[in-house]
Amino acid sequence: MVGSDSSPSPLPPTEEQKRWGVAKPLSHAGPTEVDIQRNKELEKFLVDSGLYESAEEAVRREEVLSRLKQIVKDWVKDLTRLRGYTDQMVEDANAVIFTFGSYRLGVHGPGADIDTLCVGPSYVSREEDFFYVFHNLLAEMEEVTELQPVPDAHVPVMKFKFDGISIDLLYASISLLVVPDDLDISNISVLHNIDEATVRSLNGCRVADQILKLVPNIENFRTTLRCLKFWAKRRGVYSNVTGFLGGVNWALLVARLCQFYPKANPSMLVSRFFRVYTLWRWPNPVMLCEIEDDDLGFSVWDPRKNPWDRNHLMPIITPAYPCMNSSYNVSSSTLRVMVEQFQFGKGICEDIELNKAQWSALFEPYLFFESYKNYLQVDIIAADLDDLRAWRGWVESRLRQLTLMIERDTSGKLQCHPYPHVYVDSTRLCSHCAFFMGLQRKQGEAIQEGQQFDIRQTVEEFRHQINSYLYWKPGMEIYVSHVRRKQLPSYVFPEGHRRSRHTRLVSQQHVDKATHGSAERVLKRKKEPDGSLMEEESLGKRQSVSPQSQGSVSPELVCSKRAGTLRESGTENEKAGVNGSCLLTDGKIHEVDIIQPNEGVIHSAENSDPGCTSSSSNAHHSASSSDGSSEINNQGPSMDGSYEANHQQRLLDNGASVLGDGLREELEPNATAALSMVLKSGDGVGSETVQKNVMRHPLESCFDCLNEKIDQLMEKGNCSSSLELRQSQREMLHCTVSNSPIACYGVELCN
C-alpha cells in the first residue's frame with residue numbers, strides 16, 4: 001500500500017538528468033556520422049582479429065557448465081548422505097554454480113577460461129570437502145585434465161580443463177543448510193557468518209553483477225572493454241599478478257568511463273579512455289558508486305581509517321560491499337609503465353581521429369626486448385610439466401615482490417618492468433620456462449659519480465621467499481641472472497632470432513612519433529642524385545635511437561650441481577665465460593666481484609647504464625626460509641599520521657575534485673579541454689627513456705685476451721669443446737681497474 005501522503009510523486013529522471021556514478025557525466029554528446037563510421041571500422045577490426053568465439057564453441061561452453069552444475073549437485077548430495085542426514089535433507093541438498101569475470105560480463109574470447117563459483121551449504125567445507133573430496137572426484141574423470149588446486153591463494157581456486165575448456169572454480173560455503181537454485185548472490189544476507197576468504201570468493205560474482213547495473217549502455221561497455229583488454233595484452237600491461245591490471249580492473253576503468261560519457265559509442269570511448277586516464281591524478285580512486293559500510297564488520301577501502309590504504313598508488317574500487325581496492329598489486333614501476341602506455345594509446349587515437357592512422361596501429365605489439373639495455377632473467381625448472389605448472393604459478397605470484405624489493409632497496413632509483421609473458425626454451429631436456437624484467441634508472445634522477453646498484457642481497461631475499469613454497473618437490477629450481485640486451489636468448493623472439501637493425505630503427509621511429517609527437521627523434525633523410533635515400537644522421541646518432549652494445553663480455557653460464565646441467569648461450573668464445581660478476585655503475589666498471597662456485601651461477605654483465613649485479617639463485621626447499629613480505633612497501637605517497645581532512649575528501653570524491661565543476665559542459669571539446677587542465681598529472685610518473693651511446697671500455701681488451709687464449713687451446717685440442725670446465729682445474733680471471741691500463745693476469749681453463 002502506498003503511503004497516505006497526497007503530494008504528487010516526483011517524475012523519474014530523464015536520460016539527460018540521470019546521474020551515473022559519483023559525479024555528473026562529463027558530456028552527453030552522442031556520436032556524429034564520422035564517429036559511427038569509425039566505430040564500424042573498429043568493430044570490423046575486432047572481428048577480423050578473432051576476438052569473438054564461434055557459435056560451436058559457445059555451445060560447448062554451455063554444455064560444460066551444465067555438466068559441472070550436475071557434478072557439484074551430486075557431490076553435495078553424496079556428502080549429505082555420508083554424514084547421516086535424513087533422506088529429506090539428502091533430497092534437498094544442493095549446490096549452485098555462478099559465473100563471473102569475462103564470461104559473466106560477456107567479453108570472453110576464443111579459448112578463454114570460465115571463472116566459476118560453487119556456492120554450497122554450511123556443512124560442506126572448502127578445506128576438506130572441496131580441496132580434498134571434490135578434487136579426488138575430478139581427478140578420476142576422463143574429461144578433466146591439468147587439475148591444479150591452489151588452496152593457499154588469496155582467493156582459493158581449483159584450476160582444470162573440462163573437455164578442453166579451461167575452468168577456474170572457487171568455492172563458498174554460506175550459512176544455509178539448503179542452497180536454493182534461485183539464490184540472489186547480490187543480496188547482502190549471503191555474507192552473514194562467513195570468513196573473509198569466502199567473502200572474496202563471493203565478491204567476484206557480486207562485483208560483475210554490480211558493474212552491469214551501473215553502466216549506461218551494456219553493449220557499448222562490452223565492445224569497449226573487449227577492445228581495451230586486447231590492447232592491454234598486446235602492450236604487455238594485462239596481468240594483475242605481476243603488478244599491472246587484470247580483467248576486473250580494466251572492466252572498472254571502462255565502466256567509469258562509460259559513466260563519464262553515457263551516450264558515446266565504443267570508438268569514442270576508446271579514444272576518451274586514453275585521454276582521461278593519461279591525465280588522471282593518481283592516487284585519486286576510480287569508483288563507480290559511493291563506498292557503503294555495513295554492520296557486518298568487514299573492512300572496506302578507506303584511507304581515513306586504514307593506514308595501509310594510503311599507500312595504494314592506483315586505487316580502483318569494487319562497487320559491491322565490502323568495497324576493496326582491486327589494484328593493490330600496482331607498484332610505482334608498473335604504474336609508470338601503464339601511464340607511458342596510456343600516452344602511447346592517446347597519441348595513436350589522436351592520429352586516428354585526424355585520419356593519419358588506422359585502428360591496427362593502436363594494437364601494435366610492444367617491443368619489450370628492444371626497450372631496455374638490461375634485464376633480469378628468471379629461469380624456472382621442474383622435473384615434469386605437472387610440477388612445472390605448479391612451480392611456475394608460485395614463482396609468478398611472487399615476481400611482484402621482487403619488483404617491490406628492488407624499488408625498496410634502491411630507493412626507487414632502479415625501476416623494474418616485469419613482462420607478463422612466459423617463454424619456453426624448447427631445446428632443453430627438462431621442463432623449463434622463463435620470465436623477464438626490464439631494468440632502467442628512474443628518469444629525472446641526478447646521476448652521481450660512482451653510484452652503483454648492487455641487488456644481490458635483494459635477489460637472495462627473493463630466493464628465501466621462493467623457498468617457502470610448501471609443495472616443493474625435487475627438481476624444482478629457479479635461477480635469476482642479469483643479462484644485457486645483446487645476451488637475450490633467441491627463444492624470446494617470435495622469429496627465433498633478433499630483428500634486423502633497419503627494422504628496429506623503423507619501429508623505434510614509429511613509437512617515438514606516436515608517444516611524443518616529435519619529429520626531432522625521427523631520423524631525417526635526404527635524396528641522393530640517383531634517387532636513393534641517405535640518412536643525415538651519423539652512426540653515433542643512430543646508436544642513440546636504438547643503442548647496440550659493442551665489445552660484448554661473456555654471457556652468463558648457469559650451472560647446477562644438483563641437476564648436473566649446464567646452460568650455455570652465445571658464441572663459442574662467449575661460452576668460455578668469466579667466473580665473476582661485474583658490479584656496474586654509470587657506464588663504468590668499478591670492480592669485479594667474483595661469485596663463489598656454490599652460488600650456482602657464473603655470469604658477467606655489461607658496462608652499461610644503469611648497471612646492476614644480481615646473484616643468481618638455485619632455489620630449493622628450505623625449512624628455515626622466511627617470506628619477508630612484511631618488509632616490503634609499495635613506495636606509495638608519503639602521508640603524515642593525521643591525514644588531513646581536505647586530502648581525505650579529495651581521495652574519496654572520485655571526480656568532484658578530480659573532475660571539477662568546470663568540466664560539466666555539454667560540448668565535448670570544451671569538456672575535454674577542461675579535463676586536460678584539471679587532471680594534469682603532477683607526480684611525474686610518465687617518463688621517456690634517455691639512451692646514451694655505449695662506449696667500448698678498456699676492460700674489454702681483457703676479455704679479448706681471454707677469448708684469444710681459448711681459441712689457441714681449442715686449436716691444440718687441449719680444451720673440451722663442450723666447455724664443461726672443472727672448477728678445481730681452472731684459475732679465475734682477475735682484472736684490476738685503476739687509473740693505469742688494465743692488466744690481464746691470464747686464465748688456465750684446463751690441463
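Trainee: Starting with Leu-414: buried or exposed?

Mentor: Leu-414 is buried, at a relative accessible area of 1%. The cut-offs are under 20% for buried and over 50% for exposed, with partly exposed in between (1.4 Å probe, protein chains only).

Trainee: Before we go on, what kind of model is this?

Mentor: It's a predicted model, where local features need pLDDT of at least 70 and side-chain atom pairs count only at pLDDT 80 or more, while totals for chains, interfaces and linings use all residues. Residues are numbered from 1 along each chain as its sequence is written, and side-chain values use heavy atoms, with hydrogens and water left out.

Trainee: OK. Which strand is Leu-414 in?

Mentor: Leu-414 lies in β7. Helices (H or I, at least four residues) and strands (E, at least two) are DSSP runs, numbered from the N terminus.

Trainee: What sheet does β7 belong to?

Mentor: An open, antiparallel one of 4 strands, in the order β7-β8-β6-β9. Two strands count as paired if DSSP finds at least two bridges between them. At the edges are β7 (414-418) and β9 (477-484), each pairing on one side only. On average, neighbouring strands here are turned by 25 degrees against each other, direction ignored. Axes are lines fitted to C-alpha atoms, for helices over the stretch in contact, and angles run from 0 to 180 degrees between N-to-C directions.

Trainee: How many bridges hold β6 and β8 together?

Mentor: There are 9, in the antiparallel sense, between β6 (374-382) and β8 (431-441). In that pairing, Gln-377 stands opposite Phe-436.

Trainee: Which helix lies across that sheet?

Mentor: Helix α12 (385-409) lies across β6, β7, β8 and β9, and runs at about 150 degrees to β6. Contact here means heavy atoms within 4.5 Å.

Trainee: Switching to the mixed sheet: what's the strand order?

Mentor: It's β1-β2-β5-β4-β3, an open sheet of 5 strands. Its edge strands are β1 (96-100) and β3 (144-150), each with pairing on one side only. Neighbours are turned by 25 degrees on average, direction ignored.

Trainee: What does helix α6 touch there?

Mentor: Helix α6 (196-214) packs on that sheet and touches β1, β2 and β5; its direction makes about 120 degrees with that of β5.

Trainee: Tell me about β5. How many of its residues are buried?

Mentor: 8 of its 9 residues are, so call β5 mostly covered. On one side, 7 bridges join β5 (165-173) to β2 (114-120), and the two run parallel. Asp-115 stands opposite Asp-168, and Gly-120 opposite Ser-173.

Trainee: And how does β4 run against β5?

Mentor: Antiparallel, with 5 bridges from β4 (157-162). Lys-161 stands opposite Ser-166 there. The hairpin of β4 and β5 has 2 residues between the strands, and Asp-163 takes a positive phi near 55 degrees in it.

Trainee: New topic, rings. How many aromatic pairs are there?

Mentor: The whole structure has 38. Rings of Phe, Tyr and Trp (its six-membered ring) pair if their centres lie within 6.5 Å; planes under 30 degrees apart are stacked, over 60 edge-to-face, and the rest tilted. One of the pairs is Phe-369 with Tyr-423, edge-to-face at 5.4 Å centre to centre and 70 degrees between the planes.

Trainee: Where do Phe-369 and Tyr-423 sit?

Mentor: Phe-369 is in the loop between α11 (359-362) and β6, and Tyr-423 is in the loop between β7 and β8, so the pair ties together parts 54 residues apart in sequence. Phe-369 counts as buried at 7% relative accessibility, and Tyr-423 is buried as well, at 15%.

Trainee: Which rings form a cluster?

Mentor: Ring pairs link Trp-231, Trp-250, Phe-260, Phe-273, Phe-274, Tyr-277, Trp-280, Trp-282 and Phe-342.

Trainee: What lies over the face of Phe-260?

Mentor: Arg-256, at 4.1 Å from the ring centre. Likewise, Lys-233 lies over the face of Tyr-238, at 4.9 Å. The test is NZ of Lys or CZ of Arg within 6 Å of the ring centre and within 35 degrees of the ring normal.

Trainee: Last one: how many helices and strands in the chain?

Mentor: 19 helices and 16 strands. Of the 751 residues, 52% are buried.
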